[in-house]
Amino acid sequence: MTDDAPLAPALVILRITLGVFFLLWAAEKILMPEISNLIGAAFYGFTLPMGVVQALGVAQVLLVLAFAAGMFRTVTYGLMLLFHAGSTLSTWAILIDPYGRTASGIPHHLFLAAIPTLGAILALFLLRRRDTMFRVPIG
């Protein structure tokens with residue numbers, strides 16, 4: 001039998017640190033919606049009205065806060081996994097060329113951080129029933 005004592009703190013560390021990371025991206029949509037539209041145009045081929053971007057940012061902040069609080073784990077962890085997987089896959093051309101540069105000169109290898117982030121969310125999703133420390137006991 002293995003000692004699972006470190007599992008609960010490890011999962012809460014993953015949840016909180018991922019929450020902080022994603023909260024910054026969500027806040028950017030509210031505070032600097034023009035940046036989100038630049039990203040949207042570059043990777044998804046469209047832009048949205050600034051008010052819509054900000055409304056999506058508010059919704060994303062609420063999702064990230066519920067995620068970080070450990071609420072509705074199957075839904076919130078699953079949505080975070082789905083959204084981040086979509087975001088990561090949208091950069092596939094950059095990910096397969098880690099030593100290239102974007103049009104603005106940013107090295108592609110910085111985008112590789114999305115892969116271990118995706119792995120961390122997947123691990124947290126798979127272990128969601130074991131993530132019981134420091135969470136709001138709803139869902």
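Predicted model: local features only at pLDDT ≥ 70, side-chain atom pairs only at ≥ 80, totals over all residues.

User: Which residues have the most contacts inside the largest nonpolar core?

Analyst: Residues are numbered from 1 along each chain as its sequence is written, and side-chain values use heavy atoms, with hydrogens and water left out. A nonpolar core is a set of buried (under 20% relative accessible area, 1.4 Å probe, protein chains only) Ala, Val, Leu, Ile, Met, Phe, Trp, Tyr and Cys residues joined through side-chain atoms within 4.5 Å. The largest one has 13 residues, and those with the most contacts inside it are Leu-18, Phe-22, Phe-67, Tyr-77, Met-80, Ile-121 and Leu-124.

User: Which element gives the largest share of this core?

Analyst: Helices here are DSSP runs (H or I, at least four residues), numbered from the N terminus. Those giving two or more residues to this core are H1 (7-31), H3 (50-68), H4 (73-89) and H6 (114-126). The largest share, 4 residues, comes from H6.

User: Is Leu-124 buried or exposed?

Analyst: Leu-124 sits in helix H6. Beyond four places in sequence, its contacts (heavy atoms within 4.5 Å) include Leu-11, Leu-18 and Phe-67. Because its relative accessibility is 0%, Leu-124 counts as buried.

User: Which backbone oxygen does the side chain of Asn-37 reach?

Analyst: Asn-37 lies in helix H2 (residues 33-43) and is buried because its relative accessibility is 10%. Leaving aside neighbours within four places, Asn-37 is in contact with residues including Phe-46 and Val-53. At 2.7 Å, its side chain reaches the backbone oxygen of Leu-48.

Technical notes. Buried < 20%, exposed > 50% of the residue type's maximum accessible area, 1.4 Å probe, protein only. Polar contact = N/O pair within 3.5 Å; in protein donor to acceptor, adjacent residues only side chain to side chain.
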